[in-house]
Amino acid sequence: MTIALHGLGVSRGIAIGKVHIIERGQLDIPEYEIEAAQVNAEIARLEQAVAAAKHQLRAIREHIPAATAAEITAFIDTHLLMLDDTALIHEPFRLIRERRYNAEHALQVQRDTLVGIFEEMDDAYLRTRRDDVVHVVSRIQRILLKHTPLKHEELDSRLGGYVVLADDLTPADTVLMQHLGIAAFATEYGGPTSHTAILARSLGIPSIVGLHQARRYVREDDQVIVDGVRGIMLVAPDESSLTYYRARREEDQRYQSELIHLKGVPARTRDGVDIELQANIELPRDFETVLQVGAAGVGLYRTEFLYMNRETAPEEEEHFQTYVQVIKILSGLPLTIRTFDLGADKQVDGGRRAGPVQSNPALGLRAIRLCLKEPALFRPQLRAIFRASALGPVRLLIPMLSNTLEMEQVLGIIDEIRRDLDAAGVKYDPKLPVGAMIEVPAAAVCADIFARRLDFLSIGTNDLIQYTIAIDRVNDEVNYLYDPLHPAVLRLIHNTLEAGRAANKPVAMCGEMAGDKRHARLLLGLGLRSFSVHPANLLEVKKTIMDSDLASLTQLAARALKANSGAEVAAMLEAETGVDS
Ligand code: PEP
Ligand code: MG
C-alpha cells in the first residue's frame, strides 16, 4: 500500500529511489553484570569489535578522494592510533575482567573518565581531543550493538542513487555527502532556509524537510518518490504514481534544458532595464556552475563551509590559495567574499561538540560577533581576502552587523591589516569595496547609516525574515509563520533599497527570496536591481526578469507596501500575473 507523507519541499525536483536511513541519535548503552564464566567471551567480543572498528577506519581511509583535505586523513589516523594500545582500550578490558562489566558499559565508563580529564585541561587544542575519545568509543559501541554504521560518515559511494532520510542533517553532514550522488534528502525536522536546505538546493538535490515521524513509516531500502516541489514523499508507490512521476521528472528536465538557452542572454526587463544577476556559492566546487549558467559574478560566497568537517581552522595561506583558485575560475567576474558566518545552525562540527548550550543560538554568538570575539580566526581570513584582491575584482561582505560599533571595529581591523600589508610591501586592491549584509532588523531600519559609511549593502532575507517575524529558521514547528511577503519584511527591504538610493550605493539581495521567481517581480517593483541567487535558480529568475515590465511592477510594489498581510500581497501578485505566490 502506498503511503503519502507530507513535509515542506525545499529543493525542487523529483527523485525516485531506495531509502537509506541515517540514525544520528544517541546510542542506548546497556549496563549489566556478566557471569564469571562469560568473562572470556565478553573479552573476545570486545576484541572483535575493536578489530572491526580498525577495519572500518582503514576502509574509510582508502576511499577518501585524493582532493580531500589532509586534516581529514590525519583525523582518521588519530582514531586508528587510539584503537591501538592506549588507555582508552586497555582499561575496559580490565573492567570486564575485574568488575564483570558488559563491554559497552566498560567502554562508557572509560570514555567518561577520559572526557572528564580532557575537559579539565586549559589547552583548547587538547580539550578538543575529547571528541576523538567520544567518536572512537561510539564506533566500537555501535559495532557491539550491531547498529548500522553511519554510511555517510564512511564516505560510502554505494549511497549513490539513494534517498537519504534522517531526523535532521547538519550542514556539515550535507557537505560530507556532496560527492556521493545522493538522489534526494528528506528530514523530519528543519526549515526552508536552514543551511542544510540551502545546501541541498545548491547541490540541485530534491529535498523535503519537516516530514514528521517519517522514520516510523519508512524502512531501509523501501522504494520512495520524493517530490521536492510539493513536499511529498510517497512510500512504496504504485505503478500509476511511478508513471506519473517519471513523466513529471522528464518534463522538469526538459524545462531545465530549455532554460539553458538563456545563458548568454542579458538579464533585461521588457522595458529595457538591465538587472545584475549574480550567484550564491557555498563550496569551491560550485564555482564551475557559476560559469555554466552565465552568472555576472558571485554575489555571496559563504566561506564558513571552509571551516567544517575538520579539526583546525584554515590558516591565512589556505584561505588565500582557495580564493586565488576561485578568482582564476571566475576570470574577471566579481567575487563577493563574505567573512565566515559560523554559529547558530552552522557549527564547525555540525553541533556535536560539547560546549555551553546557547538557548537561542540564532540570537547568540554567530557571524560578525564571533569574528570580533575571535580575532585569531578573523584576521587571517581578512588578510587573505585583501591579498587575493590584488589578483581580481573582490568585494568584502560582513555578515550580521547590528550596530555601528561593530561596523567601526571591523573597519578599524581592516585599517590595521592594510597598514601591515603596506609595511610588508604586499599588494592588494586599495579600493576593495567593503559592504554589510542587512539581515538584522536593526540594520535594515538604520540602513541609511550603513549605506553612508560602507561601499555597498546586501540584503540577507533568510535572517531578516527570521529576526523580523521572530521565527527560528530551522524550527519546523514555526515554519508556517515564515513569510517573505509579510508587510514588515517588505517595508524593511524597501527602506534598505531607499537608503542605498539616497547614498548612491549599490544594494543587492542574496537571501533565498531573491531566487524565488514568485517574489522576483515584486522585488523588481520595490527597486531591486541586483540579485544574487543559487546557480540552480538563476536562469529561471532571469526568465522572470525578461518577462517583466518595471512600470507596472512599481505600482504593484507601492500597493504591496500598504497591504495588511502577506496573504494580501500574495493575492495581489497572483491577480496581477496569474502566478501562485
Ligand atoms: C541570509 O541570511 O539571507 C543570507 C544570505 O545568509 P545566510 O543564509 O548564510 O545566513
Ligand atoms: Mg544570514
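Reader: Which strand holds Thr 336, and how do you know that it is one?

Author: Thr 336 sits in strand β11, residues 335-338. Strands (E, at least two residues) and helices (H or I, at least four) are DSSP runs numbered from the N terminus. Please keep in mind that this is a predicted model, where local features need pLDDT of at least 70, side-chain atom pairs count only at pLDDT 80 or more, and totals for chains, interfaces and linings use all residues. Residues are numbered from 1 along each chain as its sequence is written, chains are lettered from A and ligands numbered from 1 in the order in which they are written, and side-chain values use heavy atoms, with hydrogens and water left out.

Reader: Why is Thr 336 called buried?

Author: Buried means under 20% relative accessible area, exposed means over 50%, and partly exposed is in between (1.4 Å probe, protein chains only). Thr 336 has a relative accessible area of 0%, so it is buried.

Reader: What is Thr 336 in contact with, leaving aside its neighbours within four places in sequence?

Author: Contact means heavy atoms within 4.5 Å. With those neighbours set aside, the list for Thr 336 includes Gln 278, Val 298, Tyr 301, Arg 395 and Phe 456.

Reader: What makes the link between the side chains of Thr 336 and Arg 395 a polar contact?

Author: A polar contact is a pair of N or O atoms within 3.5 Å; within protein, one must be able to donate a hydrogen and the other to accept it, and residues adjacent in sequence count only if both atoms are side-chain atoms. The side chains of Thr 336 and Arg 395 are joined at 3.3 Å, so the distance falls within the limit.

Reader: Are Glu 439 and Asp 463 buried or exposed?

Author: Glu 439 has a relative accessible area of 2%, so it is buried. Asp 463 is also at 2% and therefore buried.

Reader: How many residues surround ligand 1?

Author: There are 17, and the closest are Arg 302, Arg 338, Gly 460, Asn 462 and Arg 473. The test is that one of a residue's heavy atoms lies within 4 Å of the molecule.

Reader: What is the strand order in the open sheet of 8 strands?

Author: It runs β1-β8-β7-β3-β4-β5-β6-β2, with mixed pairing. The edge strands are β1 (3-6) and β2 (8-11), each pairing on one side only.

Reader: How do you know that β3 pairs with β7 and β4?

Author: Two strands pair if DSSP finds at least two bridges between them. β3 and β7 run antiparallel and are joined by 5 bridges, with Lys 18 partnered by Gln 223 in β7. β3 and β4 are parallel, over 4 bridges, and His 20 stands opposite Val 164 in β4.

Reader: Why is β3 described as largely enclosed?

Author: 8 of its 9 residues are buried, so the rest of the structure largely encloses β3.

Reader: Why is Arg 100 called partly exposed, and Asn 504 exposed?

Author: Arg 100 is at 29%, so it falls between the two limits. Asn 504 has 69%, so it is exposed. Arg 100 lies in the loop between α3 (87-99) and α4 (103-120), and Asn 504 in the loop between α18 (487-503) and β15 (507-509).
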